[in-house]
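Opened the notebook for another model today.

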Amino acid sequence: MSNSITVFGLGIIGSRCADSLSKAGHKVTTWNRTPKDRADETTDASQAAQASDILSFYLKDGQACREVLNQIRTSLRPDHVIINHSTIDLVTTHWLATECSVVGCQFIDSPFTGSKVAAQNGELVYYVGASDILLEQYRSVLEVTSKEIIPVGKVGNATIIKLVTNLISASTVQALSESMAIASAHGISPDSLISAIAGNACGSPLASMKMPTMNEGNYETHFSLDNMLKDANYAIQLADEAELKTPGIRTTADTMQKLCDAGSADLDYSALFQQFTDKPL
Ligand SMILES: NC(=O)c1ccc[n+]([C@@H]2O[C@H](COP(=O)([O-])OP(=O)(O)OC[C@H]3O[C@@H](n4cnc5c(N)ncnc54)[C@H](OP(=O)(O)O)[C@@H]3O)[C@@H](O)[C@H]2O)c1
């Protein structure tokens with residue numbers, strides 16, 4: 001069945017998901033704050049919302065979601081569903097859900113894991129915070145851009161899970177950076193370390209993916225340092241709310257902030273390794 005879908009946000013992920021949805025035969029409209037000159041693009045956010053029943057957000061952060069919702073609010077109809085795939089703060093997730101309920105439209109909390117290549121191949125993994133009935137209604141659309149859909153309960157749960165899993169990714173890349181710097185300072189070749197980690201329980205798909213490029217100083221952006229910093233700060237907000245001390249992610253966030261300030265914001269977040277190479281902090 002063909003659906004009408006508007007994709008808001010044509011960054012690394014949204015642009016690729018819009019392409020996949022189009023290729024799958026859906027009627028796709030796109031909108032981006034900074035026009036991208038796509039044939040399916042509408043520059044007016046309200047008109048972009050009116051064009052479709054399904055409104056998919058692949059926006060940067062909570063602030064971007066609030067700004068877009070405010071632009072499309074008067075165009076929202078009860079037959080709309082907003083599916084938020086952006087990684088945002090929990091307060092904004094609940095705010096979006098409330099705004100939708102005021103209009104009488106549906107809201108699905110659905111951030112994802114998977115990066116540029118996964119988006120290109122329609123292999124994201126969606127966490128879904130929504131009722132089972134609502135998920136089933138839109139499952140076939142989510143399947144176009146994903147290889148797995150993981151229901152996690154009510155609205156907000158997917159946001160929390162996404163933020164704490166990104167905490168693990170940021171902390172892992174920080175740990176990989178420290179281990180590479182120490183081993184190298186003691187004369188161990190990067191290739192030896194990469195093989196040793198691959199055969200160790202501490203190895204992971206993330207370590208295998210990031211270490212070779214970190215070693216080359218190749219920080220082509222799959223997920224930006226700036227966006228990872230944003231997610232670390234959202235995770236810290238969750239910790240604060242629960243009155244938890246989380247020194248690891250606070251230290252990593254501080255390092256990411258310094259690197260962003262030093263000009264690395266748009267690089268891949270594996271540029272965390274720069275703290276030991278070209279940008280000692
Ligand atoms: N890339 C990944 O590997 C990955 C993985 C998991 C989750 N995510 C999450 O998915 C979302 C999209 O990621 P991405 O990598 O595609 O991000 P991105 O390349 O940084 O794109 C961000 C998008 O948000 C838009 N935007 C930023 N501020 C805005 C505002 N105030 N109002 C309206 N639009 C605004 C940008 O528009 P402009 O072009 O005008 O700046 C752009 O379209 C983010 O929440 C990210 O954390 C990404």
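Predicted model: local features only at pLDDT ≥ 70, side-chain atom pairs only at ≥ 80, totals over all residues.

**Between the domains**

I began with the area buried between domain 1 and domain 2, and it comes to about 1500 Å², with carbon and sulfur atoms giving 57% of it. Buried area here is the accessible area (1.4 Å probe) that two parts lose on being put together, summed over both. I then looked up who supplies domain 1's share: Lys60, Thr87 and Leu90 give 34% of what domain 1 buries against domain 2, more than any other three residues.

Residues are numbered from 1 along each chain as its sequence is written, and side-chain values use heavy atoms, with hydrogens and water left out.

**Bounds and contacts**

I checked the bounds: domain 1 covers 4–155 and domain 2 covers 159–276, from an automatic or database domain assignment. Their C-alpha centres lie 27 Å apart. I found 18 residues of domain 1 in contact (heavy atoms within 4.5 Å) with 17 residues of domain 2.

**Salt bridges**

How many salt bridges does the rule find across the interface of domain 1 and domain 2? I got two, counting a side-chain nitrogen of Lys or Arg within 4 Å of a carboxyl oxygen of Asp or Glu. I also noted that the side chains of Asp226 and Lys60 meet in a salt bridge, 2.8 Å from N to O.

**Around the ligand**

I listed 25 residues around the ligand (a heavy atom within 4 Å), and Asn32, Thr34, Lys60, Ser115 and Lys230 come nearest. Lys60 turned up again, with a polar backbone atom 2.8 Å from an oxygen atom of the ligand. For Ile13 I read 2.9 Å from a backbone N or O atom to a ligand oxygen, and for Gly11 3.4 Å.

Methods. Polar contact = N/O pair within 3.5 Å; in protein donor to acceptor, adjacent residues only side chain to side chain.
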